[in-house]
Amino acid sequence: RKDINKQRAAFASLSDKLYTAVKATKPAATIYYQHCPMYNSGKGGNWLSMDAEIKNPFYGDMMLNCGSTTATIQQK
């Protein structure tokens with residue numbers, strides 16, 4: 001269980017850094033910045049997706065559709 005928590009934390013950190021980079025470069029495809037409100041004891045976590053449909057990577061099948069799109073980065 002500790003390993004998955006470390007992996008989730010690393011993923012959340014990476015996603016935030018990638019969001020900043022992708023937003024600055026205007027990607028070749030539309031990117032969705034999505035948010036899981038349950039991650040990190042309710043503090044939430046974000047991820048990038050090329051799909052508008054929510055597929056929560058933090059909790060997988062347990063909460064696959066939990067979350068929302070908080071930003072859309074339009075392609076060039």
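This short talk describes the sheet, the cores and several individual residues of one predicted model.

Good morning. Residues are numbered from 1 along each chain as its sequence is written, and side-chain values use heavy atoms, with hydrogens and water left out. Since the model is predicted, local features need pLDDT of at least 70 and side-chain atom pairs count only at pLDDT 80 or more, whereas totals for chains, interfaces and linings use all residues.

I begin with the sheet. Three strands form an open sheet in the order β2-β1-β3, and the pairing is antiparallel. Strands here are DSSP runs of E of at least two residues, helices are runs of H or I of at least four, and both are numbered from the N terminus. Two strands pair if DSSP finds at least two bridges between them. β2 and β3 (68-73) stand at the edges with a single partner strand each, so one side of each is left without a neighbour in the sheet. From one strand to the next, the twist averages 25°; the axes are lines fitted to C-alpha atoms, and angles run from 0 to 180 degrees between N-to-C directions. Five bridges join β1 (residues 31-36) to β3 in the antiparallel sense, and Ile31 has Ile73 in β3 as its bridge partner.

Next, the nonpolar cores. A nonpolar core is a set of buried Ala, Val, Leu, Ile, Met, Phe, Trp, Tyr and Cys residues joined through side-chain atoms within 4.5 Å. Buried means under 20% relative accessible area, exposed over 50%, and partly exposed in between, with a 1.4 Å probe and protein chains only. The largest core has seven residues: Ala12, Cys36, Tyr39, Trp47, Ile54, Phe58 and Tyr59. Another core, of six residues, lies apart from it and includes Tyr19, Val22, Tyr33 and Ile73.

There are four aromatic pairs in the structure. Rings of Phe, Tyr and Trp (its six-membered ring) pair if their centres lie within 6.5 Å; planes under 30 degrees apart count as stacked, over 60 as edge-to-face, and the rest as tilted. Trp47 and Phe58 form an edge-to-face pair, at 6.1 Å centre to centre and 70° between the planes. This pair links distant parts of the chain, with Trp47 in strand β2 and Phe58 in the loop between β2 and β3, eleven residues apart. Phe11, Tyr39, Trp47 and Phe58 form one aromatic cluster.

Two polar residues of the sheet deserve attention. Asn46, in strand β2 (residues 45-49), is buried at a relative accessible area of 16%. Its side chain makes a polar contact of 2.7 Å with that of His35 and another of 3.2 Å with that of Tyr33. A polar contact is a pair of N or O atoms within 3.5 Å; within protein, one must be able to donate a hydrogen and the other to accept it, and residues adjacent in sequence count only if both atoms are side-chain atoms. Gln34, in strand β1, is buried with a relative accessible area of 0%. A polar atom of the Gln34 side chain lies 3.2 Å from the backbone oxygen of Ala52.

Finally, the backbone. Most residues other than glycine have a negative phi. Lys26, although not a glycine, has a positive phi of about 55°; this residue lies in the loop between α1 (2-25) and β1 and is partly exposed at 47% relative accessibility. Ser41, also not a glycine, has a positive phi of about 55°. Ser41 belongs to the loop between β1 and β2 and is exposed, with a relative accessible area of 77%.
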